[in-house]
Each structure stands twice: as C-alpha cells, then as structure tokens.
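I set out to record what I looked up in one structure. The sequence and model come first, and my entries come after them.

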Amino acid sequence: MSAKAISEQTGKEFLYKYICTSAAVQNRFRYANVTSETDWDHLTQDHPWLLTERLVVKPDQLIKCRGKLGLVGVDLDLVGVQEWLKPRLMRETTVAKAKGILKNFLIEPFVAHTQEEEFYICIYAAREGDHVLFHHEGGVDVGDVDAKAQRLLVGVDDKLSEDSVKEQLFMHVPDDKKEVLVSFVVGLFNLYEDLYFTYLEINPLVVNQDGVFVLDMAAKIDATADYICKAKWGDVEFPPPFGREAYPEEAYIADLDAKSGASLKLTILNPLGRIWTMVAGGGASVVYSDTICDLGGVDELANYGEYSGAPSEQQTYDYAKTILSLMTREKHHEGKVLIIGGSIANFTNVAATFKGIVRAIKDYQGPLKDNRVTIFVRRGGPNYQEGLRVMGEVGKTTGIPIYVFGTETHMTAIVGMALGHQPIPNQPPVAAHTANFLLNSSTNAATPASTRTASFSEPRAANDATSAKKPKAGIPAAKATMLFSRNTKAIIWGMQTRAVQGMLDFDYVCSRDEPSVAAMVYPFTGDHKQKFYWGHKEILIPVYKNMADAMKKHPEVDVLISFASLRSAFDSTMETMQYSQIHTIAIIAEGIPEAQTRKLIKRADENGVTIIGPATVGGIKPGCFKIGNTGGMLDNILASNLYRPGSVAYVSRSGGMSNELNNIVSHTTDGVYEGVAIGGDRYPGSTFMDHVLRYQDTPEVKMIVMLGEIGGTEEYKICQGIKDGRITKPVVCWCIGTCATMFSSEVQFGHAGACANQDFETAVAKNQALREAGAFVPKSFDELGDVIRTVYDELVANGTIVPAQEVPPPTVPMDYSWARELGLIRKPASFMTSICDERGQELIYAGMPITEVFKEEMGLGGVLGLLWFQRRLPRYACQFIEMCLMVTADHGPAVSGAHNTIVCARAGKDLISSLTSGLLTIGDRFGGALDAAAKQFSKAFDSGMLPMEFVNKMKKDGKLIMGIGHRVKSINNPDMRVQILKDFVKGHFPASPMLDYALDVEKITTSKKPNLILNVDGFIGVAFVDLLRMCGGFTRDEADEFVEIGALNGIFVLGRSMGFIGHYLDQKRLKQGLYRHPWDDISYVLPEHMSM
C-alpha cells in the first residue's frame, strides 16, 4: 500500500519540524501523549505547561468527526483532563460500524478563539495534480466541504504561487489575515510535496493576532517514498484503522515483506473466525474475500492477506506458519477451513511456494487436527501440477483433509465447497503436465510455417501497426491505437534472462519471423552479448551499458520493458522518453512513489507514449507480442490459446487476474485478441478508458472485458463512454472488492489503489453504475465466465464473430533447467559434495544449520570437525583442534614460509599471492611432519614394534624419525607449546596410547642427543591419531583414512596461514620496500676458470 494514514501527533510533528513559512506557527511541539501506562508525574515533568494552561484532550486513533462524537474535551485543566479520561480511556466505543478500544490520547494547549478565526484547508492528490480546498469557515460544523470550499488544482510539476492562492481561494478571507494565511498555505503545500503527503487536512486552522494554530489534523503519506524521506520521517508508525487491533503477527509479516522482493501482506479481521485464507496474488486475494462474503461468511472471515511476486520456499513457510499459528489458537465448534487459493501464476514457481506451505502444515499437523481444520487448494501456473501433488500427499500422510484443484476448476469454486454451498467433487483427473511442450519431432530447426495469425473473425489487417502521430508544437502527441504487432521490437531494461527467454519462446510458438527482443540494457555490466534460445538454436542478444547506445543501434525498437527497481524506475523511464522512437513503455516495478508516477504520466502524455504499469506484469497480444512474464509459461500459453488471436480484448488491474482472464476467456470464447494489466497503483500509467477506447477502435476486437476494482473513479468513465455512444461494442465488467462495504473497519487490499475513500469508489457502487450504463455485469465473479460466454454466443449467433478453424501451434523445446526442475530428466553431476549445502534459506554444515552451530557455541574447532570429519566432535576434541591452530599459528619470520610471505609482500604483491608463496614451502622439510609422524608412529605401534626396535630400524634404514628433533629446543630447554598440549591431552583424552608410545621413543632419542625431542609437529600428529581412534566417533578404518588423505597436515596449513597473513599485514603496515638479500650473506662459489 502506498497512501497510509499517520497519527495526528506524527503529522503535526512533521509540520512543526519542516514547514517553511513567515507565518508565526504557534504551540510547536506542545503536545503530550497519554495511554493506560502513562505516569502523570513523569508526564508533567516532561511537559510542565500541562500544569499551567487550559487544555484540549482527544483520541489519536484515526477517528473522524471526533467533535460530533463527543470525543474532544475542551478548555480543561489537568485534573479536568484526568476526569474526562476516566470513563473513556481503555473503554470500548462505537464509531460508525467499527467497535474499538480508546487507548491513545493527545493533550494540547487550548486555544481560545472565535468562529470568524476558524478556517478549513485540505490538500489531496489526484492523477492530474494536487487539489487545494479552502473554506473561510472551519470547525466541527464545516459541512460538505467538497460543495462549499474554494478549489485550486496545482498541476503535476507546477508550483503553488501566492497570487493564485489569493485569487482563487481567499475571496472571503478578511484582508488582515490574507498575508499570514497565504504564507502558511504556500509553506504547507511545499511541506506536503517535500514529505510526500498524499492527503493533509487541517480543520480548524485558527488564525488570530498571535499567529497560526493547527488544531485538528488528519494526514496520509506515501509509504513507498520511505527510501527518499527516511532522513526526515524517521521510523514512522502507521496505526491501524479504528476498530482493528494491531497484531504482532501483522508486524512480523510486514517486516518479512520489507526484507523481500516478493509481496507478503496480512490483516487480521477476526482472530476467532473459522474461515482463514492464504491467497496468492493481490487481485485474487480480493476476489476470494468477495466470494466468502457473498456466500455469507463475512462474520467468520478471520483474515485478509496475500503472498505474491515469487516468494521463496522459506518465505512462504514463514508466512504459512504465521497463518497456521493464528488459526489454531482457539477452537471453533464447527471446525475451521483454510482456503489456499490463487489465480494462474505468471512466473511464480507454484511447487516451490507449496513446498513451504507443506513444511508448515507438517509442523502444525497436531494443532490442525485438534482444531478440525479442512484445507481447500486451487492454483495454476508454472509447475503447479507438482505443487498440487505435494499438497495432496501431505494430506494423505498427515490425515488432514486436503482437497486440491487446478486450472480445470473455477478459481473461486473452492469457496463454495469450503462453506458447504456446493458438494466437493471427486478428485479431478490430473491435468496435462507442465512438460507437454516437448521437442518437435521434426529435425528442421527453422521457424515453423505460419499458423493462424489473424483474428478468428477478421482477415489479417493490411498494416501491422498504427504509430503515434508526431505532434505539432505545443500540442500533446496522439497515442497509438495499436501498441503491438508481429513486427514489434523491444528493449529490456534489466538483466531478466528468464523473462526474455519466455518472450522468445512465445514469439517462436506464435511463428514470428524474428525475436521480439532486440537488445537489453543493464548499467552494471559492460557491453556484451547474452545467449538465448530461439526454438532449437542458440542466438545472441546484445546487452548495452547505457540507453543511448541501445537506441542508436536499434532504431526499429518502439517498446521498452523496464524491470528496473522501484528506486531506479523513475529515472530510467524519464531517460527512455527522450527517444522519440519509443511509443510504449511497460514498468514492472511495484512501490514507485505516486508523485514520481504522476510525473511519468505527464511526460508520457506530452510525448504520446503509452505507459503500462507501474506494478504490473504487463500485457499480451496473442500471435504477436507479450510483455515479460505475462501469460506464464508455455504450457499456459498453449492451454489458453494465447499463441493466436481471438475476438475478445480485456483490461485488468491485476497481473495474476489477467492470467485468470486468459483462462476464462479461452474456455468461453474463441480467445483473447489482446489483454493488458494496467497495474495496481492508484495512478496507473494508462487507464481503463485508454485501453477500452483502443479496443473500440480496433476492428478485430468484437467484445471487451474489464476487471475493475474498489478505489478510484476510472470505471465511471467507462459508464459515460457507453452512455455517450463512444463505446458501442459489448462490454462485460466486474469490479472486485465488493466485500469492503461489509467490513466494520477499513481494509487496505493488496493493490495500492484498492481502497475506497468515498462511497462512490466502492466496488458495489461501480458495479451498479456500470449495470445501469448498459454494461454486462454479473452478480458475482463466479458468474463472470457465464456472462462472457452468453455475450460471445450472441455475437456468434448474429454473425459478428465467425469462428475460424483451429490450427495447432508449433512445438518448442523445454529448457534444460526447467526440465530438471520438473524431474523429467536426470544428468550425472559434475562433482559431489557431502559437507556443505548453501541452496536453502540457511547454510548447512554437514547436516547442521548454521544457526544451530552458533546456538551450540561449537566454535572454530566444532566447525572444522563438521567440515573436515563430518562429525560433531566432543567438546575436548574441538578445544584440542583450536589449541593446535594456536600453537602452529606462527614461529617467527625466519622460517621459510614466513620468509617467502614477507619477501612477496615487500615486492608489492597482494595478500593472496603472498600467502600462496608462503604456503608453497610447506612439505616434508617444513611443516609437513604432522602426517609423516602420524604415519610412522602408527605403523610401528600397530605392528607391535617396541620403541627401541622402532628407533633401531629407522637408523638401520637410514631414515629420520619424523616429528623428532628441534634446532633450538631440547630435553633441558623444552618447547612450551608441546608441554601445554601434553597437559591438555593427559587431562582430557580418554586414552593416549600413541602419545605414550611416542614419549617412550623420545626417551631413547634424547638419551643419545638432548635436542632429539618430540617436537610440536610430531606431538600433534600422534595426539591426533589418539583423538580420532579414541573419541568414539570414528571406526579404526575411518581414523586411518583421515591420516592417509592428509587431514593432519591441514591443521598446520590452516594454523600457519594465520601467521603468514599476520606477516603480510605487518610488512604493509610498516611500509617496507622491496627486499634485496645482502650480498655479504651470500657465498659466491664460481668455477675456477670463470674466476680467472
């Protein structure tokens, strides 16, 4: 949602802090907030004026007409305020149909004034600009301000001038107050624009000799502008409408939504209700709520919400478990139902989202059974068959009644089943698999011969496109009647390879001669070419770093499809409109601030450009062109006959519902000629009327379908067009959101524009007006398909539509990645791993989630145990590993590895190169003794050889005993590192036979020479063998295998890497220059004849 109401306190805080005016705004920041937890002593300390001034107290909970409802205490002292609050604070009250608890109050200084000093001002946003309403008589009894107030429209990108305010708004304002009011109104409007308000009302605004007083204020801000206004807004709290509590679960889902590229919404209507919904899609969620209410379930409807925009499995799991947790807290004597519904998805992988829901159902299977929950599922879209299968399986394995239906079932039919209004049919036959478009049996890889590309009822038009006419100076350009043709070429803004491949597959199945995508623009990479499939063969599509290059090299392009983010969509679209070759722009991003959208609309109107969106999936013209992910994958394209044109054109707000319309129209008529989803924002770039008039002027279109919704007034233009005779073709209309009038409190539906601010903006009022104007309006969405069929059959009967013979489409090969996703193919993996899995929501080490690793405080030794040995090692073993890493971390700059690292660092090499140089010295002569010592001592010990026999044999064979001997340390000057490790092993290991054997060998070798001690490499080697053999986590063979494959040397490599990095950083910090070895430290030994 974009326009969100803020509390009066927040609105006044913004005003007092940021308004720029010469008018003396009084009582700045003089307000106090009171709740049931307020400490009055602390409150008066923070606001001492409460003890000395007369006061006003009122609830600050988005309640309208507080004065008329007796909810304002006026001219009271502090004791009077406290007495006034006693019967009201934390008490239930009724406002219109809403019942709620009064829990948040605002106290302000009382301003004594006369009626003549009260004024009314309101600023609100509209598509064409911002309206300023002003009335010289404000206060409680202001009445119908729409009829009485003076009105001034400030166009998009225009500024409010003082002269226009005086001339158009202040006709009845006393002269002595005009200057003060003018400065305040202009400052207020600038504040309204700068802080992205969408609505700002002050009533009354008091102006007297002391200055300006803002008494009562109501405001909404555009929440999508948070990234622009965060510095000024701070953390804004949006209170719920009066009569609805703010639940922590709603805040949790809102937080998930903010952190996700998907859309996740939840509003709890009745936590004790028995009907719960989990619906995919903003438009579909409204349709399901409508149907539930139409069938009498309004009092039992527990929630409204939606998940859409391809949420991940984990995000869907988090959303689903929240719903299941809420619905299983209180039992209902009739049991409960959960409706998991949705339209046919365009790009969401249904199976992936359903797997998240299945996980949640398994987690809550006990409470679901206890609450006698029955689940009804209906979904379509990419991989929906697999999604339905796993959903059905979980019902069988858990014993929870789950009924699943696909696209063969009407979208809302499951509501009637859930509410007992219609019988539950036997499980329908499984629909054709997503994979029913496979490789063509023909070996010819060329584009197939043309199939039927003209409308069912008309021959192909002579001209493929109707371009926009170039405007005369000062006159806005005319927009094109035909947006897309078989020759349309587009540029894609953004690296959306999946969407592009979907467009190319659609082009191929429509038998286009050439791909519709000419190029891509992506500023974050250099110019290059991206590989895609055109049918059976691979092609390259250029990717440009900037728009100018793409436009210059592809003058044939006239459509831009923008996948830019909400932050960059405005700038990139404004840049696009600099190029006259572009006449259609589709903006996919959701969440663009309304003020920016209105500027885009203004520029587009001036340039004769049609904008589809924002917040849309796009549109489709069967047989010609589709925008991005519109229409879903090829299985849905084929099932809905979108590869060739029909006779019906539609326009919808919702992208998901547009795909549902594709399905309905294909089953009730000869198919879709063109369909556009204009987007769910309050101000879509193009309107219902824009597209309906295009369809009216397109001969191939024989009937029109419009799916409107609650909020706004665009549908009334359709009514007027029918009445005026501008629209003569049959129009079938339905406005979703009819349930809104049945709710006791205001509900903001999934789309930003789906909220009625006036009675005439309700879906019920619009449907009635359309019906009276002559449109074909069903009684409910359930009957929409029947009405479409009736109108179509009449057009066929009177000869307006002559159905043509169906021609099968060409087949298109399936992508390898999607075939693998569906489980249709298998391929041997390039390599295998058994220690780590990063594919899910959480990183997993050897089967243990990373959160568990930290929760258990396993430390570095524990992580090493998981990744190296695939075991959760005992605590002492983890500590021993960490001790080994500490004692092997460094042994000074003179050893070969550190020396190499230092030389490299001083030569100006980077960290990786310097570290590698040091590591490459590790081997049998330096650091590699761990493995060798472990192997030598293990072999001798396991063969039963006595320590003296082992020493004698090694001497006889002329071999050194690895791990024995030290240059500096001796039996008289022991290595403290070895002593520390020895004490730990003896104190914590269950047994250490290998270490004991090595110590016996040390006694023999040191008796011959005192420096032949068991050094740190040897000690770690033999002690690690004891650890692997004695900790109980490994078999003897497994322990020996780890020694054999070099695991012990890894300890030295890992530990010494820390020291090498330390030496590298030390040299850089000391800014040491290039190292050159001194010549006096080199013995030059040259052949004798050379020296002569």
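The entries below concern a sheet, a pair of helices and an annotated span.

Entry 1, the model. I am working with a predicted model, in which local features need pLDDT of at least 70, side-chain atom pairs count only at pLDDT 80 or more, and totals for chains, interfaces and linings use all residues. Residues are numbered from 1 along each chain as its sequence is written, and side-chain values use heavy atoms, without hydrogens and water.

Entry 2, the sheet. I took helices (H or I, at least four residues) and strands (E, at least two) as DSSP runs, numbered from the N terminus. Two strands pair if DSSP finds at least two bridges between them. I found an open sheet of four strands, paired in parallel in the order S15-S17-S18-S19. Its edge strands, S15 (275-277) and S19 (402-405), each pair on one side only. I noted three bridges between S15 and S17 (residues 336-340); Ile275 has Val337 in S17 as its bridge partner. Helix H13 (residues 384-398) packs on this sheet and touches S17, S18 (373-378) and S19. Contact here means heavy atoms within 4.5 Å.

Which residues of H5 make the contact with H6? I listed Glu162, Val165 and Lys166 of H5, which meet Glu179, Val182, Val185 and Val186 of H6.

UniProt, in an unreviewed entry, places the feature "domain: CoA-binding" at residues 483-592. Such positions are given in the numbering used here, feature names are shortened, and annotations may be inferred rather than shown by experiment. I found this span to be 25% helix and 29% strand, and its end C-alpha atoms lie 24 Å apart.

How values were computed. Axes are lines fitted to C-alpha atoms, for helices over the stretch in contact, and angles run from 0 to 180 degrees between N-to-C directions.
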